[in-house]
Amino acid sequence: MVGRIQATNYLYFTDDELDHKGTSHNKPLYITVKCKDCVIAKVLIDNGFALNVLPRHVLDKMPVDISHMKPSTMTARAYDGSPRPIMGNIDVELVIGPQPFQVTLQVMDIHPTYSMLLGRPWIHAARAIASLLHLRVKFIINGNLVTVRAEEALTMVRNVSIPYIEAEESKDGNLHAFEVVNAEWVPENIV
């Protein structure tokens, strides 16, 4: 009995959960999330990122009040080492699988291949385990295992009555990884 109780607290992946290509793929882990009544595709999950990143052009399409964005003095360093300013931080509620999460996103004026990037801050807060090999992310909510699978190429016509956001074609060829370069404390009541 004790072994069974302890076993329910483990998250693991099996070979049965592998994509049909097995270990021979190099796909990123893109999932689809919801923000209010809007579906957002191509959300990249990657535990190599120290930030949760939201491109400004995607924020402009989302059903959120951008006046709630707090200024930021942080700078991120792109994959090529170039500094990129963070415009601000905004808290949004994202529904991932069946679960809503309050997520702080760093807004940047970039045009990557993803619509949004959920890095270690979200992964750790959700107590999630992402497997790029298995192309899924798992977490436990109220004692229930939740598995969110990677997006598949959609060949269906989407419902046009549901707002839908997808990444644009990348204009920034070197924005695949970010690290925090500097950070300063900014009082919340100063705009």
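**Close-up 1. The side chain of Asn-52 and the backbone of Gly-119 in the predicted model.** The side chain of Asn-52 reaches the backbone nitrogen of Gly-119 at a distance of 2.9 Å. Asn-52 belongs to the loop that runs between strand 2 (38-45) and strand 3 (53-55). With a relative accessible area of 3%, Asn-52 is buried. Beyond residues up to four places away in sequence, Asn-52 touches Val-103, Thr-104, Leu-105, Gln-106, Leu-117, Leu-118, Gly-119, Pro-121 and Trp-122.

**Close-up 2. The surroundings of Trp-122.** When neighbours within four places in sequence are left aside, Trp-122 is in contact with Asn-52 as well as Ile-45, Ile-96, Phe-101, Val-103, Ala-128, Val-137 and Phe-139.

**Close-up 3. The largest nonpolar core.** This core comprises 34 residues. Those with the most contacts inside the core are Leu-54, Leu-94, Ile-96, Met-116, Leu-118, Trp-122 and Phe-139. Another core, of 12 residues, lies apart from the largest one and includes Leu-44, Phe-49, Val-53 and Ile-110. In soluble globular proteins, nonpolar side chains tend to be buried together.

**Close-up 4. Cys-35 and Cys-38, without a disulfide.** The structure holds 0 disulfides. The cysteine sulfur closest to that of Cys-35 belongs to Cys-38 and is 6.7 Å away, which is too far for a bond, because a disulfide requires sulfur atoms within 2.5 Å. Cys-38 is likewise in no disulfide, its nearest cysteine sulfur being that of Cys-35. Cys-35 counts as buried at 1% relative accessibility, and Cys-38 is buried with a relative accessible area of 2%.

Notes:
Residues numbered from 1 in each chain as written. Predicted model: local features only at pLDDT ≥ 70, side-chain atom pairs only at ≥ 80, totals over all residues. Heavy atoms only, no water. Core = buried A, V, L, I, M, F, W, Y, C linked by side-chain atoms within 4.5 Å. Buried < 20%, exposed > 50% of the residue type's maximum accessible area, 1.4 Å probe, protein only. Contact = heavy atoms within 4.5 Å. Helix = DSSP H or I, 4+ residues; strand = E, 2+ residues; numbered from the N terminus. Polar contact = N/O pair within 3.5 Å; in protein donor to acceptor, adjacent residues only side chain to side chain.
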